[in-house]
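Subject: A structure for you to look at

Hi there,

Here is the structure I promised to pass on. Have a look at it first, and then read my notes below.

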Amino acid sequence: MNPELTLLDEDAHPSSSRDRLACDLQERDRFYSLPQNFYNDPQYHQHDMEEIFYKEWLMVGVVSEIPKKGNYITVQVGDNPILVVRGAGGTIEAFFNVCRHRGSRLCTQHRGKVAKLVCPYHKWAYELDGKLLYAGNEMGEDFDKEKFSLKKVHVRTGGGFIFVCLGKEPPAFDNFLSTLDEYLEPYDMENTKVAVETNIIEKANWKLVLENNRECYHCDGSHPELLRTLLEWDDTNDPRADQAFKDHVAAKEAEWTAESIPFKHASSGLRNRIVRMPLAEGTLSMTMDGKQGSQKLMGRIKNPDLGSMRILHLPNSWNHCMGDHLITFRVLPLGPQETLVTTKWLVHKDAVEGVDYDPENLRKVWDATNDQDRVLAEENQQGINSMAYQPGPYSKTYEFGVINFIDWYCERMLNNMGKEVPETYRRLNNVDLDH
Amino acid sequence: MNPELTLLDEDAHPSSSRDRLACDLQERDRFYSLPQNFYNDPQYHQHDMEEIFYKEWLMVGVVSEIPKKGNYITVQVGDNPILVVRGAGGTIEAFFNVCRHRGSRLCTQHRGKVAKLVCPYHKWAYELDGKLLYAGNEMGEDFDKEKFSLKKVHVRTGGGFIFVCLGKEPPAFDNFLSTLDEYLEPYDMENTKVAVETNIIEKANWKLVLENNRECYHCDGSHPELLRTLLEWDDTNDPRADQAFKDHVAAKEAEWTAESIPFKHASSGLRNRIVRMPLAEGTLSMTMDGKQGSQKLMGRIKNPDLGSMRILHLPNSWNHCMGDHLITFRVLPLGPQETLVTTKWLVHKDAVEGVDYDPENLRKVWDATNDQDRVLAEENQQGINSMAYQPGPYSKTYEFGVINFIDWYCERMLNNMGKEVPETYRRLNNVDLDH
Amino acid sequence: MNPELTLLDEDAHPSSSRDRLACDLQERDRFYSLPQNFYNDPQYHQHDMEEIFYKEWLMVGVVSEIPKKGNYITVQVGDNPILVVRGAGGTIEAFFNVCRHRGSRLCTQHRGKVAKLVCPYHKWAYELDGKLLYAGNEMGEDFDKEKFSLKKVHVRTGGGFIFVCLGKEPPAFDNFLSTLDEYLEPYDMENTKVAVETNIIEKANWKLVLENNRECYHCDGSHPELLRTLLEWDDTNDPRADQAFKDHVAAKEAEWTAESIPFKHASSGLRNRIVRMPLAEGTLSMTMDGKQGSQKLMGRIKNPDLGSMRILHLPNSWNHCMGDHLITFRVLPLGPQETLVTTKWLVHKDAVEGVDYDPENLRKVWDATNDQDRVLAEENQQGINSMAYQPGPYSKTYEFGVINFIDWYCERMLNNMGKEVPETYRRLNNVDLDH
C-alpha cells in the first residue's frame, strides 16, 4: 500500500460529508423538500447536531419550573447532559451537567432542589454558580480548585422562557427576548406551574417534526379534536382568508387593545414568529368543549377570550398561550430518525387541581393531536427512506411556514459551517433586525 | 494533510467493499460455505440488498389477497415500502408506496381496500394506475400533475403468485411464469383465501434462512412434527433413495397422471425448482395426524392424496401445495442478522372456518417447524460470528440444494455487479432456458 | 477520481484509529482519567476487544462448575462463543464453540453435561478433546476428519479458577497460578458449588466498571449494605490507616498464621493482586448482619473469622473469599457502552440450601452493591459522553487502584499492538516477576 495513503483516516469523512451537505443546500430548489440524506443519514444528522443544536439558542423550559434558589432542571441535548439551576439572588445559571473529577453526571433527576451541586460519585461539591468547593481532602497540595469549575452554558430568559446555547458565540438574541418580555407580560410566567407534562418519542427526523408543525394544510382530516377550537389560518393576509374570518379577528383585536393584550405580529428573521389569533367563534381555550381548561386565569388577565398567541422559536419550540393556560412544546433530536417531543401545560400557580382544573381534561386535545402528528411524521419518514423518494414541491400558500423553516435551516447550516450562503437565504433570514 | 487526499470520501468505500466482495466470490470454493463477511458484514449486506433484493424478482403474495378492484397489499423491501393493488379491469399494479408530495407512505395498512390512493398526510390523490388526480388547489399554475405519478414497480403473476422487481431491467421470467400457470392450474388460486398468516423474525442473515430451507439433512432430530408426513428426499435419483421409496413414488405418479395433476420436475436455472413428492404412506397433508387440514379440496382437485408440490423461487420463497391447502413462505431481510419470514396457509375460499378447517390445527406443524428452523439459523449465526469460523465443507449429496442456492447467489451477485462471472457459475445458472 | 485513491478502503481506518489510540496512550497524563474515545468510541472498543479480551487471560468460571467428565460451561467473549469442558481423566479443555461444518454453535446451554460434543444442526460429533468423530456418511472419500477438529482455546486453572486465553501466544501466567493454588488451598475449590448466580448488564464501558471496582473512595454514601462489614482500606501502609485499624489487622493476622491461612500481599505486576483484610470488628462475612452466610465452612477452614481475601485479576475479575463463602465477579464487554457482570456465590458443596444457607440472605449485600455500582458507572458514562468532558485528576491516595488499573491497561494495549511502551508503564507492569 502506498504509505502516504495511510495518513488518511476517518477524519477525512466528516469534512467531506460537510462539503457534500453544504453543496446540497446551495444547489437545492427552495420550494421543494430536502434531499433524502437530510432526513436519515447519520453523518448529516451529526452535522445538524453540531451546527444547529450545539450552536443555536434552544428553548429548554420555563422559569416557574425552578422558582427558588437551588431548584434545577436537567435536559439532554444530543450527547450533552445540561443543568439549569436557580442560583443565589434569583439568577439562572446553566452548566454542562458533568463533574470535573471523573465525568459523572452531577444532577440525575429531571427536576429537583439542592443546596450545593454535589456529585453522587465521590462527593465533589460545587457552588450554584459552578465554583468547585470541595474535592475530598486527598488531591495533593498542587491541586488548584479554581481550575475545576463546572463548564458554563449560555443561558437567557425572555417572557419566562429559558433558553440555552451550547456554542461559544451565541447568536444575537436580545431583541427577541425583549419582545417575549413584552408579549408574555400579561401571563406573569414566574407565577405559573406545570399542571401536566408529557414526553413522546417520534420515530422521525426532527425536521419532519418541525415541518409537520409549520403547516395546518394537514389539519383537516387529521386533527378533529384540535379543529374544534383552532382556526387553520394564522394571518388575515392569507389569500384564502374570507371576510367572516377577517371580521372575527377585527372584533377580537378591538377587545385586546382595550385590555392592553399584545397581539400584533412580531418576528425575528425566520427564527421567531409571534401571532395572536382568535379561536373558533364561541370557544375560549384548546379543550374538547372549548371551555376554559382552568378556571383561574393567568397573571393579570381578566378576559378569558384571548384566542391563542402562538410563539415559534426555531429550531425547537412552538407554544400556545391562552387566557387560562399555556402549552409549551420542546423538540430534541435523539437520533437521525428519532425525536423527543416534550409538552407542558402551564396554569396559574394558585389554580387548584381538581377544583380549578382537571388535568385529564386539560391535556386531551393535545395528547390526541401530538399522537396524530407522531403518526404523520413517522409515515413521512418511512416513505422518505425509500430509493423512490425525491424532493417534492411545497405549496407556496399552504406550506409557506415549512418553506420558511427550511429556509432558516439552510441559512443557519451554511452560515454556521462557514460556507457560502446564497443571497436568497441571506436576505430572508435577517434575525434580530426586524419585528 | 495532502490536499488531494481530501477528495476521498465515503463513496470510496462502498466501491471497494464491492471489489472485495466480488473477489471473495470469484475465488471461493463452491463446495464450502461462504466467508464470514457474507453473513454479518453491514456493507456486504447492503450489496445483497442492492444486487439481489432490488434487482431480482421477489415473491410478495398471492392474487387472492387482492381479489377486487382497489384491494391492496403492502410489503417492505429493505428501505422501500411497496404497494400492490388490483386496478381497473382486474390488472395488478405495483408502486413505490411513496407520495410524490413530501414522501409520506400512501397506504399504511398491511392489507386493505381503497377507491383511490389518497395520501393520509395532505390528501394528494392518485388513480389506481398511479396517475396523480388531485394535489390540493394551491400548487400554482405551472404545476404539472403529469410529472407526479407514482413510481412504478415491475409486477408479474404466475400460477396465482405475485412477483415484483424493483430494478429497472427485470431478469427474464416468462418461462417460469408459464410453468407456474400450468402447475398451479388445478388449485384455482384466484378462489383461495388466507386462513392463517404468521410473521416471525429470525436473528440470522437471510442466506442462513435459505440455506436451512435448502436441505433436509437437519430434519431428522430437529423436526419431529414435520417428519410425521414429509419424506426427506425429493428426488428418486437421490443415491440414498431405496426401492420402497421409488415404488411409493411410482404408484402416486400413476394416480396423478390419471387426474392430470402435474408432477414432473421443472426448473428455471437454479432459481426455480418445482417437484411434487408423495407424503409419508397413509398421510394426506402436513398436519399433526396427517389427515386433511381442510375438508374442502382446492380448485378442481378430487383426490386429496397429491403429496406436496414444492415450489422454490430464489431468493425469497418456498411453498408446499397439497390437495387441501397450500403454504407459502416469504423471506425478507431486515438487516445483516435479521430476517422476516412470513407464512400463509391458503384454503379454498369457500372453506368455512370451524367447519371445514380449524386454523389451530392447520398451522401446528409449520409453527413448530418454523420455530425450530429459527433456532437453528440463529445458532448458526452465533457461531459464524466468531473469529474461529472458517467456511466448512458441504456434503454434495445431503446439501446439494444449499450448493445450488449459493451457486445461484454467486452468479447473480457477480452478474448484477457487472463483475466477471467464473465459467462454473455461468454454466450452472442458465435461467429460463431449460425446464 | 485519482485511480490510485481507489486502492484505499475501510482497512485503512482501523490501522489509523490504532495509531491514534496508541498516540493518545503514549501522551496522556497517568494521573488523569482517559480521553473520551476510550470510553465510547466503537473503533477504540474494537481495539480493546482485540488487544485485551482476545489476547489476555480471562477468568471465566470455577472448576466446581464442571465437576465430572462431560460437564461444560459456555461463555461469550465478544463475538466468540467459548466452550469449557471437563475431559477424560479430569483435564479441562476449552474450544471455540463453533462447529467445523457450517459454523453452528455446538453447546447452546449456559451449563450442561454431554457424552460427546454433538452439533445440534447436522449431528457432527466431536470427542471431548475436540477431535471430529462423525460427520455424517456422505462427505465423500477424500474428506479428512483429522483436519476438522474443534479449534482450541488456551485454558489454565489456578486455585480452582478457570482462565482462558483466545490469543495465539498467551502471556506468562505460571507464577500467578501457583500463588492462587497456595492461597486457595484452604478452600478446596473442587468441593464447592454455586449457590446463587446473577447477571446484570451495565450501560457503561467495561473500563468504567473496573475503575469503579478499583477504589472505595465512593463507598461511603453509596454502599451502606457493603460497609456494614467491609473496611475501606486494604493496606496497613495506607497513609489514612489509623492505629486502631493496624491493631485490628495485627490481631487477625496472628490468628491466621496459627491456622496456616495465607494472608500476605501478593501480586503479579499490576495484573494480579491478592490481599486478605479483616472485616469490620465483630463481623464474619459479607451479609447484612455480618454473621455467616453459610453454616458449613469451606474446605479445611475451622475459624469463620478469616476476613475477606480479595483477588484481583485484570482485565475481568475480582473476588471475595471468606471463611463460609466465596464470591466471584466476572466482567465481559457487550459493546462500547454495555458490560455484563456475572456474580457467583460459592459455598461448600455439602452445605444444604435452607438448612446451612439461605440464598436470599447470601446474595443481599452484593445484589444491592452491584446495583449501586451499576448506577454509578452508568451516570459516569452519561457525563463522559458529553463534549464538556475532559480527563479529570485521580487522587493518588484514594484512587491508586484506578491508576494501577489504567497503567496496566495502557501498557498491555501498547505492548500488544506492537507500539512503543513508555518507560513509566514498562517499569510498573512487570507481570509474573515479583510477588
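**Where the chains meet**

Between chain A and chain C, the contact (heavy atoms within 4.5 Å) takes 35 residues from chain A and 40 residues from chain C. Before going on, please note that this is a predicted model, in which local features need pLDDT of at least 70 and side-chain atom pairs count only at pLDDT 80 or more, while totals for chains, interfaces and linings use all residues. Residues are numbered from 1 along each chain as its sequence is written, chains are lettered from A and ligands numbered from 1 in the order in which they are written, and side-chain values use heavy atoms, with hydrogens and water left out.

Chain A and chain C bury about 3,100 Å² between them, and carbon and sulfur atoms account for 53% of that. Buried area here is the accessible area (1.4 Å probe) that two parts lose on being put together, summed over both.

Four salt bridges are found across the interface of chain A and chain C, each being a side-chain nitrogen of Lys or Arg within 4 Å of a carboxyl oxygen of Asp or Glu. A:Arg105 and C:Glu379 are joined by a salt bridge between their side chains, at 2.6 Å from N to O. On the chain A side that touches chain C there are 14 nonpolar, twelve polar and nine charged residues. For these classes, Ala, Val, Leu, Ile, Met, Phe, Trp, Tyr, Cys and Pro count as nonpolar, Asp, Glu, Lys and Arg as charged, and the others, Gly among them, as polar.

Next comes the interface of chain C and chain B. Here 35 residues of chain C are in contact with 40 residues of chain B, and the buried area is about 3,100 Å², with 53% from carbon and sulfur atoms. This interface has four salt bridges, and C:Arg105 and B:Glu379 meet in a salt bridge at 2.6 Å, N to O.

**A pocket to look at**

A pocket, on a 1 Å grid over the protein atoms alone, is an open set of points where a 1.4 Å probe fits, with protein on both sides within 12 Å along at least five of seven lines; lining residues have an atom within 4 Å of a point. The second largest pocket is lined by 45 residues, and among those nearest its centre are B:Asn213, B:Arg214 and B:Asp234. The lining divides into 19 nonpolar, 15 polar and eleven charged residues.

Enjoy exploring!
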